[in-house]
Amino acid sequence: MDLLCDNMVEEILVRLPEEQHLRRASAACRRYGDIIRRPGFATRHRELHSPLLSGGVVLHGVRRRCPRVDGTAAHVRGSYAFFLPAGAGDASASSSLELDLAGLLPSPTDRELAYLLSTGAADPDAARRSVFIVHSSSSAGLLLCCRGYVNPVHYYVCDPVARRCVALPELPWPPAFDKSGMLSVAAGGGGGFQVVLFEKRGFAHGGGHLDLEVFSSDSGEWAAMRIPRPQDLAGFRCFAPPHLRHDGAAAYWLGFEPRDRAVVYGAADHSIRLIPVPRRVHDPSALNRFVGERRGGALLRYAHFDAAEFEVWDTDDATPTRWALVHRAALKDVVARSPRAVAAKFVHGRIVRHIHHHDANWNWCSSFKLIGFDPVHDDDVFLFGATNGSGCVAAYSLTLGKLSLRCKIDTADGSSSLCGCDMFPYVRASTTSPRADIPGMVCTNA
């Protein structure tokens with residue numbers, strides 16, 4: 001090593017897999033320590049060894065305390081986030097990686113801190129931890145995050161691998177409703193991007209219009225926008241948050257009325273239109289379903305699950321609004337084929353016992369909740385279940401027709417139950433591919 005130049009030694013040191021190995025090397029030799037402390041070395045090391053490089057999903061929920069004494073609202077005391085690597089198979093809860101979202105952002109300013117305390121943060125420490133993911137732009141390996149859970153006005157674009165971020169200007173209009181949003185990055189690596197915010201329940205009532213707040217990196221400012229609804233959307237209603245494309249190109253609201261239609265918002269031209277979706281099976285709630293991208297992003301996948309049956313549909317290659325049924329399974333068969341301990345997390349224990357004893361006449365219902373699709377492997381569909389203060393996430397294999405446990409979540413401390421808007425696919429481009437270079441990004445952790 002003494003015969004090698006510093007640049008070659010750096011290439012060797014940066015490939016050490018663990019930070020503890022770097023600390024030992026730095027302590028062993030002054031020259032190694034000087035190289036490891038070079039500007040940019042830590043960022044290069046994280047970009048080469050981050051677990052997020054494997055691709056997977058981020059599960060993100062809210063932690064609350066009891067309602068205030070006056071009963072007006074519940075204190076928000078932060079959030080939790082876990083990264084689940086794609087295709088881990090029958091993995092234990094230890095395969096998940098807890099993410100420090102607050103570490104992705106700089107410390108809040110006094111103005112931000114005062115706003116967070118006024119909108120539900122329990123104390124200053126909780127306010128500092130109140131960082132929430134709004135959208136994951138997998139095409140660029142970036143996250144759109146905000147400070148605060150209630151009516152946030154401070155947004156950031158973050159690179160969770162390099163631990164860099166850029167702050168957007170404060171939203172000039174304090175939102176009156178909960179917002180959802182998307183980040184889209186211009187192709188070609190030029191660094192241009194757009195952020196679009198809209199009401200999570202923008203189609204809760206028929207008629208009217210869709211209000212947007214749009215930030216463009218070209219102008220550096222927020223702009224308000226109102227999109228009138230076409231006539232064929234006059235009676236469309238949806239009470240759930242939209243499902244977002246990974247690249248920020250579109251958002252989808254699945255209709256409660258009518259239930260075989262969805263509204264698509266296109267970010268490129270700020271347009272909205274109606275598309276058909278497969279008809280529901282038996283469940284009258286019309287809520288336990290999900291629409292998203294298949295791997296590659298060009299085509300869509302739709303799934304729904306009720307008390308009796310699970311179905312998965314894909315769009316046709318030639319006609320993006322024509323659906324083909326690709327998988328159907330009865331819930332009793334899913335439970336029977338899955339490991340008993342995993343199935344018990346989603347349905348009542350007595351139901352599992354009856355199914356595994358081949359009692360086909362048992363009348364039962366499921367606690368499965370669809371939350372999304374694996375962004376790397378088309379074969380897996382993610383489901384969430386919660387019983388008695390504890391929950392878990394499982395992956396359902398379309399090929400094997402059974403469940404595998406992916407992550408356990410303790411919901412007894414007031415953590416929120418997961419839904420489709422709480423799962424964020426993350427597939428970062430390889431280190432050899434062009435990466436989005438957002439102007440103004442700064443490192444938040446050396």
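Predicted model: local features only at pLDDT ≥ 70, side-chain atom pairs only at ≥ 80, totals over all residues.

Residues are numbered from 1 along each chain as its sequence is written, and side-chain values use heavy atoms, with hydrogens and water left out.

Salt bridges come first. The term means a side-chain nitrogen of Lys or Arg within 4 Å of a carboxyl oxygen of Asp or Glu. The whole structure has 16 of them.

Arg 38 and Asp 6 form one, at 3.6 Å from N to O. Arg 38 sits in the loop between helix H3 (30-36) and helix H4 (41-49), and Asp 6 in helix H1, 32 residues apart. Helices (H or I, at least four residues) and strands (E, at least two) are DSSP runs, numbered from the N terminus. Asp 6 and Arg 38 also belong to a salt-bridge network with Glu 10 and Arg 31.

Glu 170 and Arg 111 make another, with the closest N and O atoms 2.7 Å apart. Glu 170 is in the loop between strand S7 and strand S8 and Arg 111 is in helix H5, so the pair ties together parts 59 residues apart in sequence. Arg 111 is exposed at 58% relative accessibility, while Glu 170 is partly exposed at 33%. The cut-offs are under 20% relative accessible area for buried, over 50% for exposed, and partly exposed in between (1.4 Å probe, protein chains only).

Now the sheet. Four strands form an open sheet in the order S12-S13-S14-S15, with antiparallel pairing; two strands pair if DSSP finds at least two bridges between them. S12 and S15 are the edge strands. Six bridges join S14 to S15, and Gly 266 stands opposite Ser 271 in S15.
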